[in-house]
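Q: I have a structure open and have not looked at it before. Can you walk me through it?

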Amino acid sequence: MSIVSSRSRALAPSIYWLSLCSFAFGLCEFIAAGLLSPMARDLHASVAATGGAIAAYALGAVIGAPILTAMLARRPRSQVLVATMLVLAAGSVAMAQAPALGALLGVRFAVGLAHGVFMAVASHAATSLVDPSRAGRALSIVWLGLTLALACGVPLGTWLGAVSSWRWVFATIGVLALCGGAGLRCAMPAARQQLAAVSTLASLRAILQPPLLLAAGVAALVSVATFSFFTYVSPFLLQLGGLDAGWLSAAMLCFGACAIGGNLLGGWCADRPSALRATVLALAALALNLLGFYVLRTHPFAMLALCGTLGMLFFALVTLSTMRLLLLAQRHCPGSDAVAAGLNIAAFNAGTAAGGALGATLIVAFGLPSIAIGGALAALLAMLLLCFQSRKLDALL
C-alpha cells in the first residue's frame, strides 16, 4: 500500500501539468465565444461568419481525437503531448496575428486537431500514471483544466479582450502553452512514454468496435441533451424566465462553479464498483433537470439552481463516459486506450454541434420552451442505450 501511495505522489506533478495544458487548450476553444464581437469587427466580418471559428475548432477536435491519435499510436507519449502544446503555442500566436477571417479559421482548425490528440493521449496517460483504483480521480484532474477554462478562464479572457485586444488574449494563451509544454517535457516519466504497442491499422480498427461505438453514442447523446438547451440558455432565461442580464451572469457563474464540483464527483464515482449505476442515475437526473427548466421557467431562483446542477451533471458524465470507454477498450481492443479516449472526445464535440442544430430545429418548429423537453428526451435515450449495452455485455460474459 505504501509503495502505491509513494508512486502516486511521485507522479502527481505530471498529472497536474496535464491539467494546466488542458486549461490552455480549453481556453483557446471556449474564449472565441466571448471575443466574437471584437473579432468580427477587427476582421471586417459578420458575427455569424466569425462564429465559424468555434465550429472550425470543434471539427478539428472531432477528426484529430480518434484518427490522428490512432496514426500516432506508436510514438512516445511525452513526445506527442509536447508536440501538441507546440502546435497550440504556434497556433495561438498565428491567431493573434491573423489578417483575415479565412486565416483565423484555418489556424483554429489545425489547433483543434492538436486539441483532440492532446486530450485523448492525456486522458490515457493520467489513468496509466496512477494505481487503477485512482484512475478516475486522475482523469478528473486532467479534465478539470477544461472545466476551469470554461468557468474562470473565459470570463477573465473576455474582460481582457474588452480592456485591451482579443489578439493579446490569444498571445497570452501561446505563452501559457509554451509553459505547459516545458513542464510536461520535464515532468512526464520516461519509463512510461510509449503510447501503445499496437499498429496504426489496429488502432484505427478499434474505432469501429461495436462496444466502443455504442459507448461513444451514449456520450454524444449526453452532449446533445445538454447543448440542445444550453446553446440557447440566454434567450431561454431572458425571454421565458423574465430575467435580466445580472441574473443571466449569476446563472453562468452557477453553471461554471458546479461544473468544477461535478468533474471531481465524476472522477470519484468512476473509481467506485457502482460506476455504471452512478452513470445511469446521472443520466436520469439530467433528464429531470432539463424537464425542471420547462416546468419552473418562471422561477428565477429555480433557474439558478438548475443551471448549477446542469453543469455538475454534464461534467460528471464527461468523466464517467471517458473512463467507461477506456475500460471497454482494455477489454475489447487492448493497447488502444488513447484511441478510445479520442473517440469519446469526438463524440462529445459532435454531440455539441448536433445539440445546437437540434435546439434550433425545435425552436423553429415548437418554440423556445421545447428545447428543454428535447434535451430531456435525448438524456433518456442515452440512459436506455447505456442500459441496453450493459445488459448485452453482461450476456456475453
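Q: What should I know about the model before we start?
A: It is a predicted model, where local features need pLDDT of at least 70, side-chain atom pairs count only at pLDDT 80 or more, and totals for chains, interfaces and linings use all residues. Residues are numbered from 1 along each chain as its sequence is written, and side-chain values use heavy atoms, with hydrogens and water left out.

Q: Which residues touch the most other members of the largest nonpolar core?
A: Phe118, Phe170 and Phe293 do, in a core of 122 residues. A nonpolar core here is a set of buried Ala, Val, Leu, Ile, Met, Phe, Trp, Tyr and Cys residues joined through side-chain atoms within 4.5 Å. Buried means under 20% relative accessible area, exposed over 50%, and partly exposed in between, with a 1.4 Å probe and protein chains only.

Q: Which helix gives the largest share of this core?
A: Helix H14, residues 300-332, with 16 residues. Helices are DSSP runs (H or I, at least four residues), numbered from the N terminus.

Q: And what does Phe118 touch?
A: Leaving out residues up to four places away in sequence, Phe118 touches Leu18, Cys21, Ser22, Phe25, Leu81, Thr84, Met85 and Leu184. Contact means heavy atoms within 4.5 Å.

Q: Thr84 is on that list. Is Thr84 buried or exposed?
A: Thr84 counts as buried because its relative accessibility is 6%. Thr84 sits in helix H5, residues 77-96. Apart from neighbours within four places in sequence, Thr84 contacts Phe25, Ala114, Val117 and Phe118.

Q: Back to H14. At what angle do the axes of H10 and H14 cross?
A: At roughly 170°, and the axes of H14 and helix H10 (residues 210-230) come within 9 Å. Axes are lines fitted to C-alpha atoms, for helices over the stretch in contact, and angles run from 0 to 180 degrees between N-to-C directions. H10 and H14 are therefore roughly antiparallel. Angles over 145 degrees count as roughly antiparallel, under 35 as roughly parallel, 65 to 115 as roughly perpendicular, and the rest as oblique.

Q: Which residues in H10 and H14 meet?
A: Among them are Leu212, Ala219, Val222 and Phe230 in H10, and Leu310, Phe314, Leu317 and His332 in H14. By class, that contact has 15 nonpolar, four polar and no charged residues. Ala, Val, Leu, Ile, Met, Phe, Trp, Tyr, Cys and Pro count as nonpolar, Asp, Glu, Lys and Arg as charged, and the others, Gly among them, as polar.

Q: How about Leu286, what does it touch?
A: Not counting residues up to four places away in sequence, Leu286 touches Val222, Ala225, Thr226, Leu310, Leu313, Leu317 and Ala379. Leu286 lies in helix H13, residues 275-295, and counts as buried because its relative accessibility is 0%. Leu286 and Leu310 are 24 residues apart in sequence and 6.9 Å apart in space, C-alpha to C-alpha.

Q: New topic: where is His44 found?
A: In the loop between helix H2 (36-42) and helix H3 (47-50). His44 counts as exposed because its relative accessibility is 75%. Its phi is near 55°, a positive value in a residue other than glycine.

Q: Last one: which helix holds Cys387?
A: Helix H16, residues 370-396. At 24% relative accessibility, Cys387 counts as partly exposed.

Note on methods: Helices (H or I, at least four residues) and strands (E, at least two) are DSSP runs, numbered from the N terminus.
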